[in-house]
Amino acid sequence: MLTEYLGGAGYRVTLEPSGASGLERLAREPYDALVLDLSLPDIDGLEVCRRLRARWDLPVLMLTARGEALDRIVGLEIGADDYLPKPFEPRELLARLKALLRRANRRALPSVLRFGRLEIDRDARSVRLDGVERSITSLQFDLLVTLAESAGRVLSREALMDLMKGQKLEAFDRSIDVHVSRIRAAIEDDVKKPRRIITVRGAGYVFAKQQN
């Protein structure tokens, strides 16, 4: 069921029926994340988590039908990144998986993102163009980072809302458009002909990978 659901959400999913076959598969192919059921027919899921953590650093979402809090605590202590108790809604699993992948992608990115003359320092939460710091709000900085981390990909307003979960943004009152306009005023050479944050009519925005 999950293979079908996640496949429909755009993920390429490989299903392995046992702990041993799952570890063998990981040794042969790279993966972006692992959904690990603790109830496996051969090796206990906690032992699988322990073994994979000794070799690989990929996000692990643990599924458990066990009622003991101790199992969940041990799972997190030995390397699982999140857990989901059964029964659960597939939408919740998808949301948790997306959050794990976002965190993993952010860890892999350098603290300073450079695009031509534009520098975005995620740790210092500052933006510079030609070495001169540009003033934007905290929310606008988060929006800019979200766009920059997905440079080259078109992001709809709804996708931006999802990626900025927890921020007070509403797609339907066009507030994202307002914030994008203010970011452009800070980082574009010509706001009437933007070259960094580009509008894709009817689809959303794309942050240009190649910039001068």
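How many residues lie between β9 and β10 in the hairpin that they form, and which residue in the turn has a positive phi? Three residues separate the two strands, and G202 is the turn residue with a positive phi, of about 80 degrees. The model is predicted, with local features requiring pLDDT of at least 70 and side-chain atom pairs counted only at pLDDT 80 or more, while totals for chains, interfaces and linings use all residues. Residues are numbered from 1 along each chain as its sequence is written, and side-chain values use heavy atoms, hydrogens and water being left out.

Strands (E, at least two residues) and helices (H or I, at least four) are DSSP runs numbered from the N terminus, and two strands pair if DSSP finds at least two bridges between them. Four bridges join β9 (residues 197-200) to β10; here I197 stands opposite F207 and V200 opposite G204. Two bridges join β8 (residues 154-155) to β10, with V154 opposite V206.

The largest nonpolar core comprises 25 residues, and those with the most contacts inside it include I197 and F207, as well as I120, L144, L147 and I187. Such a core is a set of buried Ala, Val, Leu, Ile, Met, Phe, Trp, Tyr and Cys residues joined through side-chain atoms within 4.5 Å, where buried denotes under 20% relative accessible area (1.4 Å probe, protein chains only). Among the elements that give two or more residues to this core are β4 (112-115), α8 (175-187) and β10 (204-207); α6 gives the most, with six residues. Not counting residues up to four places away in sequence, F207 touches (heavy atoms within 4.5 Å) residues including F115, L118, I120, L144, L147 and I197.

The largest pocket has a volume of about 920 Å³, taken as the space filled by probe spheres set on grid points joined across faces, edges and corners. A pocket is an open set of points on a 1 Å grid over the protein atoms alone where a 1.4 Å probe fits, with protein on both sides within 12 Å along at least five of seven lines; lining residues have an atom within 4 Å of a point. Of its 33 lining residues, V13, T14, A33, L34 and V35 lie nearest the centre. α2 gives the most to this lining, with five residues.

Terms used:
Buried means under 20% relative accessible area, exposed over 50%, partly exposed in between (1.4 Å probe, protein chains only).
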